[in-house]
Amino acid sequence: MEHLERCAWILRGTLVRAAVRRYLPWALGASMLAGSLLKELSPLPESYLSNKRNVLNVYFVKVAWAWTFCLLLPFIALTNYHLTGKAGLVLRRLSTLLVGTAIWYVCTAIFSHVEHYTGSCYQSPALERIQKEPQSKQQCHREGGFWHGFDISGHSFLLTFCALMIVEEMAVLQEVKTERSHRLHAAITTLVVALGFLTLIWVCMFLCTAVYFHDLFQKVCGTLFGLLGWYGTYGFWYLKSFSPGLPPQSSSLHLKQDSYKK
């Protein structure tokens, strides 16, 4: 437990800072552009992380929203109830996860439709010759073909959105004091460590996507969708009264609004 406490202290001291919430979106955008330029101008040699079958990609990134949802659910419930004692407010705040699920579903559906309507079926990834008419991605694959269309980077979108959402929700830790309840302290400490490491995985795999996969414009579009999903909720809608609201903090709403304007 001592090692877990120390790890939670480090992660809490890093991810809860207002500067992290303010600058992480810019850092993700800049690293995506830098990694993409590196991929185009001086590609890195292949590595374990450039293989789509690597463990982090298969067991984490492919189900990134499920991991984020399942860890944020108890974290939001415990921290928000501990601070407010109001079940109604907790349920309202938990609806942020339903909003996030809707954003994930709508955006991935848009990406799929864009790839479908801009794509064609080829015999091989070399795009040697277009095949005759199948005419969906699934049918193309069933017939042994290769579908090529404008494939907006779902990884760039989802990893951006998930990392920023976790950092926003962890801001509540500035107010949480759990020394009087050992069980609550242990539960929140465990969740802080899990969410902290999850955020590090999302950022790491975002960088891997930037330097190994997709074209520049595909990654730009994916990252912009992630940033818009985050800012449209935490930077705009959640500041309004008719919304799930922001994590409870002693600082005023005006200070929060000002932090997004800077």
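Me: What percentage of the residues of the protein count as buried?
Reply: This is a predicted model. Of its 262 residues, 43% count as buried.

Me: And how many helices and strands does the protein have?
Reply: The protein has 10 helices and 2 strands. Along the sequence they follow the pattern α-α-α-α-α-β-α-β-α-α-α-α.

Me: What does the C-alpha trace span along its principal axes?
Reply: The span is about 70 × 40 × 35 Å.

Me: What about the accessible surface, and which share belongs to carbon and sulfur atoms?
Reply: The accessible surface comes to about 14,200 Å², and 65% of this area belongs to carbon and sulfur atoms.

Me: Let us turn to helix packing. How are two packed helices described?
Reply: One gives the angle between their axes and the distance between the axes.

Me: Then at what angle do H1 and H8 pack?
Reply: Helix H1, residues 2-15, and helix H8, residues 182-212, pack at an angle of about 60°, and their axes are 9 Å apart. That angle makes H1 oblique to H8. The crossing of H1 past H8 is left-handed.

Me: Which residues make that contact of H1 and H8?
Reply: From H1 the contributors include Leu4, Cys7, Ala8 and Leu11, while those from H8 include His185, Val192, Val193 and Phe197. By class, the contact of H1 with H8 has 9 nonpolar, 5 polar and 2 charged residues.

Me: How do the axes of H7 and H9 cross?
Reply: The axes of helix H7, residues 154-170, and H9 cross at roughly 30° and come within 7 Å. Angles under 35 degrees count as roughly parallel, and H7 and H9 are therefore roughly parallel to each other. H7 passes H9 in a right-handed crossing.

Me: Which residues of H7 and H9 are in contact there?
Reply: Among them are Phe157, Phe161, Leu164 and Met165 of H7, together with Phe225, Leu227, Trp230 and Tyr234 of H9. The contact of H7 with H9 divides into 8 nonpolar, 6 polar and 3 charged residues.

Me: Why is Tyr231 classed as partly exposed?
Reply: Its relative accessible area is 37%. Partly exposed lies between buried, under 20%, and exposed, over 50%, so Tyr231 is partly exposed.

Me: How far apart are Tyr231 and Trp202?
Reply: Tyr231 and Trp202 are 29 residues apart in sequence, and their C-alpha atoms are 18 Å apart in space.

Conventions
Residues numbered from 1 in each chain as written. Predicted model: local features only at pLDDT ≥ 70, side-chain atom pairs only at ≥ 80, totals over all residues. Heavy atoms only, no water. Axes fitted to C-alpha atoms, helices over the stretch in contact; angles between N-to-C directions. Helix = DSSP H or I, 4+ residues; strand = E, 2+ residues; numbered from the N terminus. Parallel < 35°, antiparallel > 145°, perpendicular 65-115°, else oblique. Left-handed = near helix turned anticlockwise from the far one by under 90°. Contact = heavy atoms within 4.5 Å. Nonpolar A, V, L, I, M, F, W, Y, C, P; charged D, E, K, R; others polar. Buried < 20%, exposed > 50% of the residue type's maximum accessible area, 1.4 Å probe, protein only. Areas by Shrake-Rupley, 256 points an atom, 1.4 Å probe, with all protein chains shown as cover.
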